[in-house]
Amino acid sequence: SCSWLNAVEGFFAILAKRRLKRGVFRSLNDLQVAINRFLAEHNADPRPFTWTASPNKIIAAVKRGHQVLDSIH
């Protein structure tokens with residue numbers, strides 16, 4: 001359940017932030033056109049995903065999260 005570990009979740013966040021947030025779509029078709037336009041623009045200049053997070057930092061963050069959850073229960 002760590003959505004931030006999934007690259008697809010990051011892509012959807014970018015889509016939402018750059019194209020959908022504050023957008024006005026008068027129909028489902030308008031929404032589909034906006035998404036397709038974003039995909040075309042994104043795919044025109046593709047860049048590989050580069051993982052920048054350190055495994056040690058991720059593990060530490062998970063441990064902190066477990067500690068917080070354990071303290072609540």
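Ring pairs join Phe11, Phe12 and Phe38 into a cluster in this predicted model, in which local features need pLDDT of at least 70 and side-chain atom pairs count only at pLDDT 80 or more, while totals for chains, interfaces and linings use all residues. Residues are numbered from 1 along each chain as its sequence is written, and side-chain values use heavy atoms, with hydrogens and water left out.

Two aromatic pairs were found when the whole structure was searched, where rings of Phe, Tyr and Trp (its six-membered ring) are taken to pair if their centres lie within 6.5 Å, and where planes under 30 degrees apart count as stacked, over 60 as edge-to-face and the rest as tilted. Phe11 and Phe12 form an edge-to-face pair, with 6.1 Å from centre to centre and 65° between the planes. Phe11 and Phe38 form a tilted pair, for which the centres are 5.8 Å apart and the angle between the planes is 55°. Because Phe11 lies in helix 1 and Phe38 in helix 2, this pair ties together parts that are 27 residues apart in sequence; helices here are DSSP runs of H or I with at least four residues, numbered from the N terminus.

Phe38 is buried at 6%, whereas Phe11 is partly exposed at 24% and Phe12 is partly exposed at 45%.

Two packed helices are described by the angle between their axes and the distance between the axes. The axes of helix 1 (residues 7–20) and helix 2 (residues 28–44) come within 11 Å and cross at roughly 115°, the axes being lines fitted to C-alpha atoms over the stretch in contact, with angles that run from 0 to 180 degrees between N-to-C directions. On the side of helix 1, the contact (heavy atoms within 4.5 Å) is made by Phe11, Ile14, Leu15, Arg18, Arg19 and Leu20, and on the side of helix 2 the residues include Leu31, Ala34, Ile35 and Phe38.

Ile35, which lies in helix 2, is partly exposed, with a relative accessible area of 24%. When residues up to four places away in sequence are not counted, Ile35 touches Leu15 and Leu20. Ile35 and Ile59 are 24 residues apart in sequence, and their C-alpha atoms are 34 Å apart in space.

Definitions and conventions: Helices (H or I, at least four residues) and strands (E, at least two) are DSSP runs, numbered from the N terminus. Buried means under 20% relative accessible area, exposed over 50%, partly exposed in between (1.4 Å probe, protein chains only).
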